[in-house]
Amino acid sequence: MSLVLACGQFSPSAGDIAANVATMLDQMQQAAGSGAALIVFPELALTGYLPPEEVTPLAVAPVGPEMAPLRQAAERLGVAVALGFPELAPDGIRYNSMAYISGSGDVAYVYRKTHLWDTEKQWATPGSTVGTFEAAGVRAGMWICYDTRFPEVGRLVAVNGGTLALVATAWLGPADEWELAVRARALDNGLYVVASALQGQHASYRFNGSSLIVDPHGNVLGRIPEGRQAIVTAGYDPAVVQGFRARLPLLAHRRLDAYAPLGKAADW
């Protein structure tokens, strides 16, 4: 099915969940006005990307009161939303997570960041599953920031039937490397990728890169200039996915028998 994808971009208010929710609600309204079926927000959009001692007490359950306004707006507007947040699981373990809230207001899927970066290891536990789910009628997967540098994550989304990736980041590296990695993961796997980048800075962190919507050929369909608070939309066309994968059946042409060394430890 064809649909309109949206990507939201903003500089968060550090630690101010209510203010960040208000920004996302406004951008959800804009997305609805543009006919979008879903909108993607950045890594830790709920709280801002904070040092361990600041983010730890802000971890919340995805179905808790903090995100209730987003769930209610998704149902009211009929716009699904994916956003990054610090998750507090029922067993007390914290994760750097991404929630997908369907257009009916349900938390339909939660992804936990697989590859933690630097100080994230001080407050979060890594996730261990890269799955897929139904997003606005399309099979989709999610990943977060540093995961983008690992081709295996995007490949797992594709192997699990995904044709769309919803990606959140607070990118601390060079902006051109962020864009290259996003476009490469789309091209590697014949995926549409909606990739939302946090803006601004906090403490010693400065966030780089633009939010992008990329097609399976690695073409940038939409971009929000770095530093701007805005949304961007672009279309998802299943025929583009089908055409790419028919021309380049990458999954079928894999040499799984030759890939055994990928499971070995490396020295760097």
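The model is predicted, so local features are reported where pLDDT is at least 70 and side-chain atom pairs where pLDDT is 80 or more, whereas totals for chains, interfaces and linings use all residues. Residues are numbered from 1 along each chain as its sequence is written, and side-chain values use heavy atoms, with hydrogens and water left out.

Helices (H or I, at least four residues) and strands (E, at least two) are DSSP runs, numbered from the N terminus.

Two of the pairings can be followed residue by residue. Strand β1 (residues 3-9) joins β14 in the antiparallel sense over seven bridges, with Gln-9 opposite Ala-230 of β14. Strand β3 (residues 80-88) and strand β4 (residues 94-101) are likewise antiparallel, over eight bridges, and Val-81 has Ile-101 in β4 as its bridge partner. Buried means under 20% relative accessible area, exposed over 50%, and partly exposed in between (1.4 Å probe, protein chains only).

In α4 (residues 151-159), the buried residues include Val-153, Gly-154, Val-157 and Ala-158. These residues cover an arc of only 140 degrees around the axis, which puts them on the same side of α4; the arc is that of the directions from the helix axis to the C-beta atoms. The buried residues of α4 pack against β7 (138-144), β8 (164-169), α5 and α6 (238-247), contact meaning heavy atoms within 4.5 Å. Gly-161, which follows α4, has a positive phi near 95 degrees.

Helix α5 (residues 175-189) has 15 residues and spans 22 Å from its first C-alpha to its last, close to the 21 Å expected at 1.5 Å a residue; that expectation is 1.5 Å times one less than the number of residues. Its buried residues are Trp-178, Glu-179, Ala-181, Val-182, Arg-185, Ala-186 and Asn-189. Seen down the axis of α5, they fall within an arc of 160 degrees, so they line one face of the helix. Asp-176 and Leu-180, on the other side of α5, are exposed. Gly-190 follows α5 with a positive phi near 60 degrees.

The structure contains zero disulfides, a disulfide being a pair of cysteine sulfur atoms within 2.5 Å. For Cys-7, the nearest cysteine sulfur is that of Cys-145, 14 Å away, too far for a bond. Both residues are buried, with relative accessible areas of 0% for Cys-7 and 7% for Cys-145.

Finally, two residues other than glycine have positive phi values. Leu-44, at about 50 degrees, lies in the loop between β2 and α2 (52-55) and is buried at 1% relative accessibility. Ala-136, near 55 degrees, sits in the loop between β6 (133-135) and β7 and is partly exposed, with a relative accessible area of 27%.

Notes. Two strands pair if DSSP finds at least two bridges between them.
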